[in-house]
Amino acid sequence: MSEPTPAVPWDRLAADPATAARYEAKVYRGPGPTPCHWWLGAISDSGHGKLRAGSRPAGTSRVVSAHVIGFVICHGAAALRNGAVVRHTCDESSCQNPDHWLAGERLQNIVDYAARRGLTGHALADVRGAAGRAVAVRDAILAAEPGAEAAAIAAALAAGHPSGEHQDTLW
């Protein structure tokens, strides 16, 4: 029988200056068609950013979701009470804007997703899926000439909706 996975030491990870610096280095905050702050690092198959947090010598090293470590850096580990998840009010899985996050229940996150995923032109209805959308935006930002990032983001977002329709976020 295997041992249970220990709880993530969010408070220790967020307090690590090297982790905070690695996190900040991967966040793009700039002008664009949305107020989202985009993740420029590794992206999971769910479209969420991934980051190696902690320290190997200290034995705290682990790969975590970028928006969760960002939330804890911003709000503290206590904000993730009783198994709360970090929800994106913008519905952009790679978004790192603290104003777009709120702690909530997993069930509410699922209900929100189900209610909005079929809206024409909405982020959750992107034909590439969440990961494809996140990768397209990340790659567009990284490939853009300085000063052209906003147009690159807009083109990457639009490419996920061949109909050309757009749906603003509902939050």
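The structure is a predicted model, in which local features need pLDDT of at least 70, side-chain atom pairs count only at pLDDT 80 or more, and totals for chains, interfaces and linings use all residues. Residues are numbered from 1 along each chain as its sequence is written, and side-chain values use heavy atoms, with hydrogens and water left out.

**Exercise 1.** Determine what S94 is in contact with, and whether S94 is buried or exposed.

Step 1. S94 belongs to the loop between β6 and β7; strands (E, at least two residues) and helices (H or I, at least four) are DSSP runs, numbered from the N terminus.
Step 2. Buried means under 20% relative accessible area, exposed over 50%, and partly exposed in between (1.4 Å probe, protein chains only). With a relative accessible area of 2%, S94 is buried.

**Exercise 2.** Describe the backbone and burial of D91.

Step 1. D91 lies in the loop between β6 (85-88) and β7 (101-104).
Step 2. Its phi is positive, about 65 degrees, although D91 is not a glycine. Most residues other than glycine have a negative phi.
Step 3. D91 counts as buried, at 12% relative accessibility.

**Exercise 3.** Identify the largest nonpolar core and the elements that give two or more residues to it.

Step 1. A nonpolar core is a set of buried Ala, Val, Leu, Ile, Met, Phe, Trp, Tyr and Cys residues joined through side-chain atoms within 4.5 Å.
Step 2. The largest one has 19 residues, of which W10, Y23, W39, I69 and L80 touch the most other members.
Step 3. Two or more residues come from each of α1 (10-15), β4 (49-53) and α3 (66-75); α3 gives the most, with five.
Step 4. Another core, of 14 residues, lies apart from it and has C36, C90, V137 and I141 among its members.

**Exercise 4.** Explain why α3 is largely enclosed by the rest of the structure.

Step 1. The buried residues of α3 are A66, H67, V68, I69, G70, F71 and V72.
Step 2. Seven of the 10 residues of α3 are buried, so the helix is largely enclosed.
Step 3. Just after α3, G76 has a positive phi of about 90 degrees.

**Exercise 5.** Find where confidence is lowest and highest.

Step 1. pLDDT is the predictor's confidence in each residue, from 0 to 100. The protein averages 84, and 84% of the residues score at least 70.
Step 2. The lowest mean, 75, is in helix α4 (residues 106-116), and the highest, 98, in strand β1 (residues 27-28).
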